[in-house]
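Here are some notes for a colleague opening this entry. They go point by point, with the sequence and the structure alongside.

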Amino acid sequence: MNRYEFTHRAGCPNGGLVDCYEITIESGTPIQVEQILAVAKAAPNPIFQESLADYLRNALGARVEIIGWHYGIKITCTRE
């Protein structure tokens with residue numbers, strides 16, 4: 001299993017805040033770092049955290065976990 005961890009900033013559609021997400025990608029096959037960065041850069045913005053998790057899962061074909069804080073509430077999204 002390969003694990004890739006990074007942070008990503010995106011605008012929130014509600015309130016116009018910029019949120020910072022902690023993202024973990026897990027894959028049984030290698031994913032080039034450049035591919036991960038390109039996919040993250042091409043993500044819609046603004047975007048809800050749940051939609052970002054769906055987008056990354058579909059684009060990379062890997063398990064995705066995103067942790068974010070929104071108005072003091074910790075949200076963890078996991079896509080298998």
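1. His8 stands opposite Tyr21 in β2. The model is a predicted one, and in it His8 belongs to strand β1. Is His8 buried or exposed? With a relative accessible area of 14%, His8 is buried, because the cut-off for buried is under 20%. Leaving aside residues up to four places away in sequence, His8 touches Asp19, Cys20, Tyr21, Ile23, Ala40, Ala43 and Leu52.

2. The pairing that holds His8 and Tyr21 opposite each other is that of β1, residues 2-11, with β2, residues 18-27. These strands pair in the antiparallel sense over 10 bridges. Another pair is Tyr4, which stands opposite Ile25 in β2. When following side chains along these strands, bear in mind that in a regular strand they alternate between the two faces of the sheet.

3. β1 and β2 form a hairpin, with 6 residues between them. In the turn, Gly15 has a positive phi of about 95°.

4. On its other pairing, β2 is joined to strand β3, residues 63-70, by 5 bridges, and the two run antiparallel. Here Glu22 has Ile67 in β3 as its bridge partner.

5. β3 is in turn joined to β4 by 7 bridges, again antiparallel. Ile66 stands opposite Cys77 in β4. β3 and β4 also make a hairpin, with 2 residues between the strands, and in this hairpin Tyr71 takes a positive phi near 55°.

6. Turning to the helices, the axes of α1 (residues 33-41) and α2 come within 10 Å and cross at roughly 140°. The two helices are therefore oblique to each other, since an angle has to be over 145 degrees to count as roughly antiparallel. The crossing of α1 and α2 is right-handed.

7. Which residues make the contact between α1 and α2? From α1 they are Gln35, Ile36 and Val39, and from α2 they are Tyr55, Leu56, Ala59 and Leu60. Sorted by class, this contact has 6 nonpolar residues, 1 polar residue and no charged ones.

8. Ala38 is found in helix α1. Ala38 counts as partly exposed, because its relative accessibility is 47% and exposed would require over 50%. Between Ala38 and Leu56 there are 11 Å in space, C-alpha to C-alpha, and the two are 18 residues apart in sequence. Leu56 is one of the α2 residues in the helix contact.

9. Asp54 has its place in helix α2, residues 49-60. Is Asp54 buried, exposed or partly exposed? Its relative accessible area is 34%, so Asp54 is partly exposed. The C-alpha atoms of Asp54 and Gly15 are separated by 22 Å, and the two residues are 39 residues apart along the chain. Gly15 is the turn residue with the positive phi in the hairpin of β1 and β2.

Conventions
Residues are numbered from 1 along each chain as its sequence is written. This is a predicted model: local features need pLDDT of at least 70, side-chain atom pairs count only at pLDDT 80 or more; totals for chains, interfaces and linings use all residues. Side-chain values use heavy atoms; hydrogens and water are left out. Two strands pair if DSSP finds at least two bridges between them. Helices (H or I, at least four residues) and strands (E, at least two) are DSSP runs, numbered from the N terminus. Buried means under 20% relative accessible area, exposed over 50%, partly exposed in between (1.4 Å probe, protein chains only). Axes are lines fitted to C-alpha atoms, for helices over the stretch in contact, and angles run from 0 to 180 degrees between N-to-C directions. Angles under 35 degrees count as roughly parallel, over 145 as roughly antiparallel, 65 to 115 as roughly perpendicular and the rest as oblique. A crossing is left-handed if the near helix is turned anticlockwise from the far one by less than a right angle, and right-handed if clockwise. Contact means heavy atoms within 4.5 Å. Ala, Val, Leu, Ile, Met, Phe, Trp, Tyr, Cys and Pro count as nonpolar, Asp, Glu, Lys and Arg as charged, and the others, Gly among them, as polar.
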